[in-house]
Each structure stands twice: as C-alpha cells, then as structure tokens.
Amino acid sequence: MRNTGDQGSAAEANQPVDGGGYGPASPSETDGTSQKKSLGVDLCLSHPELILTEAIESSPDVTVRPEQMVSDGTSSFLVIEAAGETLDQFETALARDSTVCDLIVLDWTETNRVYRVEVADSAVWVMPSLVRAGGRALDIEGTGGQWLVHAQFRSRAALSQFRSECAERNITFRLDRLYWTSEEANAGACGLTADQQVALETAHREGYFDVPRGISQAELADKLDISPSAMSQRIRRGMDQVVGSELGLSDE
C-alpha cells in the first residue's frame, strides 16, 4: 500500500535549505546516511487553461478525479469520475469547456458519473512535466477551479524543477504540505494516520457512509474545522489505506 502519511507542515515547506530549494533536509543531508526516503507533497495548481478548469469552476461542490488518459497517436482521451450534488450543472459546463470535446457518459448514479472526453490541443496538462521532473502522482482531484495533487518526488531538486516548469507556463503553484516519507508514517489502525482515522471515525459516526448519506462532506469538514478538500483527501486516502490493508493489496 502506498504511503499516504500526512506528517509535515506548510511551515516546513517554506524553509529552504542549501542545494535543493525546499526543506526539511533529508537524512542523508544531516547525518551522512544513505537516503531511502522520497519527498511527499500536497500541491494546489491553477491556471485558466488547465484541463477542465472551466467545468470544475462551475460546480464547486463537484469533485473530479482523472482515471485514465490514453492517446491513439493523433488524439488524447481522458476518463474522469465526477462526484457531487450538482452533476447536471457540471455536465452542462463540461460540454462547454474549451479544454475538452466529444463528451460521452460512460456510467452514472445519482451522485457519481464517469465521462470520457477528448482533450483539446490548447489544454494545459501538467502530469507529463511532473513525471519528467522525477515525480509520481499518487492522487489528483479537481474542485473549485483548482487541481489538488498528492505526489512523491525523488528529491527536493526534482520538486524545484517541476515548480520552475509550472512558473514558465504561468501555472499558479501552491505548496500545502511537504514531508519526507518514512516507515513509521502509517502507525495507526490499518496503517492510518491520526488525521485519517479521526476523519473516518467521524464520517462513520455521523452517517456519511449511509444510503442516503446522513451528512455531507462539507458538514463533516466543518465539524473537524478543516477545508472540504482536506476532508475529501483524508476520507479517500484513508479508505484506500483500509481497503488495501484489509485485502492484503500493495502498490509496490
């Protein structure tokens, strides 16, 4: 199961160290040991021409997650899942979004829909730059006109390279969390972090997983005094961790 620890802080992210551009320093830089950790980051990216920005701005309560992107050599196609309470409004905006075309609905329920769209040539998509720089996207979520990216980078220099590429393309880059991964990161039940465990326990207690739901994600966020996007990430990563742990699955 991938490491989804929430340790570290935005304050640490703003403390640069010599040679890499971001802190905190890795173990190899402070004690001479061989580095066996990667850099975990939570990023917020925004730009008017980032793919699907127009659509996700239209419905702030809808969360979009890319599932698959493929190319046939002439065109690129993206499969996305959208979840929320104003999906009709979102779908109307998606059909008008200038960064995509040829919309097809693949699956739908009352609160979830899956779409396939063709990516327009003018669309801006940052994942190739992230991978080229030495990063790995673990989770991507579009909401409120922004893309929230949970990723790992092999080094601070790799993260700096990705940020520089974003700056060159005028993409707004906000670093929300930065930390070095560790074997001790997942020490709670099923490997959950403390924040993830509290989020899941609260969601269960308040009826978030009931059908119909007893509480919305925004209301849960208010109870824990965190943003809706942070609540969404904690629930999704926590559920991913629980399922992987219980079923004996691994991303390695």
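The model is predicted, so local features need pLDDT of at least 70 and side-chain atom pairs count only at pLDDT 80 or more, while totals for chains, interfaces and linings use all residues. Residues are numbered from 1 along each chain as its sequence is written, and side-chain values use heavy atoms, with hydrogens and water left out.

**First stop**

Select Thr63, Ala83, Tyr208, Arg213 and Gln217, which lie nearest the centre of the largest pocket among its 26 lining residues. A pocket is an open set of points on a 1 Å grid over the protein atoms alone, where a 1.4 Å probe fits, with protein on both sides within 12 Å along at least five of seven lines; lining residues have an atom within 4 Å of a point. The volume of the largest pocket is about 850 Å³, counted as the space filled by probe spheres set on the points, which are joined across faces, edges and corners.

Next, colour β2 (63-71), β3 (76-83), β6 (135-143), α8 (217-224) and α9 (228-247), the elements that each give two or more residues to this lining. Helices (H or I, at least four residues) and strands (E, at least two) are DSSP runs, numbered from the N terminus. With six residues, α9 gives the most.

**Second stop**

Now select Asp42, Asp176, Ser229, Ala230 and Gln233, nearest the centre of the second largest pocket, which 18 residues line. The elements giving two or more residues here are β1 (39-46), β7 (146-153), β8 (172-180) and α9. Keep α9 in view: the largest share of this lining, five residues, comes from α9. The second largest pocket has a volume of about 330 Å³.
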